[in-house]
Protein chains: 2
Amino acid sequence: MEIIRTVKEIQNISDNIRKSNKTIACVPTMGYLHEGHLSLVKIGKTKADYVITTLFVNPTQFAPNEDFDKYPRDLERDSKLLSDAGSDFLFVPSANEIYPNGYDTEINIKGISQSYEGLFRPIHFNGVATVVAKLFNSTKPHYGIFGQKDFQQSLVIKQLVRDMLFDIEIVVAPIVRETDGLARSSRNIYLSQEERKLAPTLNLAIHQATKAIENGERNRLAINEIMKNYIENTKAFKIDYASSADATNLSEPDFFESGQEIVLLIAAYLGKTRLIDNNIIKI
Amino acid sequence: MEIIRTVKEIQNISDNIRKSNKTIACVPTMGYLHEGHLSLVKIGKTKADYVITTLFVNPTQFAPNEDFDKYPRDLERDSKLLSDAGSDFLFVPSANEIYPNGYDTEINIKGISQSYEGLFRPIHFNGVATVVAKLFNSTKPHYGIFGQKDFQQSLVIKQLVRDMLFDIEIVVAPIVRETDGLARSSRNIYLSQEERKLAPTLNLAIHQATKAIENGERNRLAINEIMKNYIENTKAFKIDYASSADATNLSEPDFFESGQEIVLLIAAYLGKTRLIDNNIIKI
């Protein structure tokens, strides 16, 4: 696996791959990789000839009060994991490469970014959209592979690609979980041992709501209440949202309908750690 | 010359050109072409193997009170001119191709867009940046060819490409003028015969200022005054701005310095027609 640090180099590599009539899957990550990320690399290898994994902790998607400084970083560990997983290239640019001196351009996505994560992290998705567009212009892939754990992010990226006419197919891979159901995330490292024991609560709350839906519950607020109550019972979480919506556009009808694809979405603080989880259900 | 109407088709064509190790120059236009546009096609042919001219009157760069509806359009005339000029492809998408249903994404460029044209046409450059990014994602060129007549636009595009890491070289071609000095523009068609006779005033005002600079004038406000007075003398124009600035970043020092590249910029209404002109001088 080759490690590349400059935009010009990775663009060159991509051009050469394309000229030899081969294809590229890009896996954008913020590093400190887990099995979820590695599953994206493996999916990339089934879709394309080459996988370029990008590793960039993007400053513009963190608010000043968020965890940009303490976000876990371990390039050596990540390189080895990626190499073993079959990634052909690792693109690990500096902040200066991605945000050259005097940068002054931002991509703004409206509708789909406003609710949920957008409410609690108002600058977040513009930062994500902007950096992903840049990573796409750098790696020039045929495919972009993303994880379902960041569900709303996957909708934002799809909107970005559709609206900006990127010639890229977005693939969203299922959530990878720990054995007790906790959605794998780089931020799980922040949890104390006590907190780690409580963390699967969110997934269990989602299960409760899923069962109710399978048993015929269609009232959106009732579904939300099930999850909210389950979480609040532990007296250990501070909930940002525990909600349900249409999985294609996050619309919030009073009642869901037969055949509708919906998503259950939770974001909650366990101590200082903000955890998110979701599940997609077809009614 | 092939005429292409869909994004998918032009992306395919571009991919095939690139796979055969050839290069592409993109010439974005809003149609109703004149010698200025055709010079861009010719320059494109010197830079790349293939020229793709795009023709799209972009709704999002016109304010509601501007001339989107009356902007001159003549596809048959334009096709013939382009074919004769050597353009290999003409990409002429519908508004729906470029702005698919539910589009919700915009590129915002700050600093360089705020002054001059940005003051009088506040939404304009975001519209330009957004559509040019889409045309670049459609035509996937190695070069983008633009005219100096829209000087500030050329700076905005350079900022866009630099900030978004587009692997595209921006080429800015000199202004092409009528024999009496009027900068060629699709909007010149709006001028009455009377107005057409007065239109070269802007270029003459620029000449006056240029002469003063060559004779040692370095005071920015004095330079601006020369142009303003010259234009106001005709009692025929309403001036938006007649100004001078650093040509790389539009900064406005009190005094210009030896070796500095500066730009003289004018925008003024002649009747209902808004004319712009500029000149770059190295002191």
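Here are some questions and answers about aromatic rings in this predicted model.

Q: How many aromatic pairs turn up over all chains?
A: A search of the whole structure comes up with 18 of them.

Q: Why is the pair of A:Phe56 and A:Tyr99 called tilted?
A: Their centres are 6.2 Å apart, with 35° between the planes. Centres within 6.5 Å make a pair, and planes under 30 degrees apart would be stacked while over 60 would be edge-to-face, so the rest count as tilted.

Q: What makes this pair a tie between parts of chain A?
A: A:Phe56 is in the loop between β3 (50-55) and α3 (75-85), and A:Tyr99 is in the loop between α4 (95-98) and β5 (105-109), so the pair ties together parts 43 residues apart in sequence.

Q: How do you know whether A:Phe56 is buried or exposed?
A: Look at its relative accessible area, which is 6%. Buried means under 20%, so that settles it: A:Phe56 is buried.

Q: Why is the pair of B:Tyr99 and B:Tyr103 called tilted?
A: Here the ring centres are 4.7 Å apart and the planes sit at 55°, so the pair is tilted.

Q: Why does B:Tyr103 count as partly exposed?
A: B:Tyr103 has 35% relative accessibility.

Q: What makes A:Lys70 a charge over the ring of A:Tyr190?
A: A:Lys70 lies over the face of that ring, 4.3 Å from the ring centre. The distance limit is within 6 Å, so that part of the test is passed.

Methods
Residues numbered from 1 in each chain as written. Chains lettered and ligands numbered in written order. Predicted model: local features only at pLDDT ≥ 70, side-chain atom pairs only at ≥ 80, totals over all residues. Heavy atoms only, no water. Phe/Tyr/Trp six-rings, centres within 6.5 Å; stacked < 30°, edge-to-face > 60°. Helix = DSSP H or I, 4+ residues; strand = E, 2+ residues; numbered from the N terminus. Buried < 20%, exposed > 50% of the residue type's maximum accessible area, 1.4 Å probe, protein only. Lys NZ or Arg CZ within 6 Å of the ring centre and 35° of its normal.
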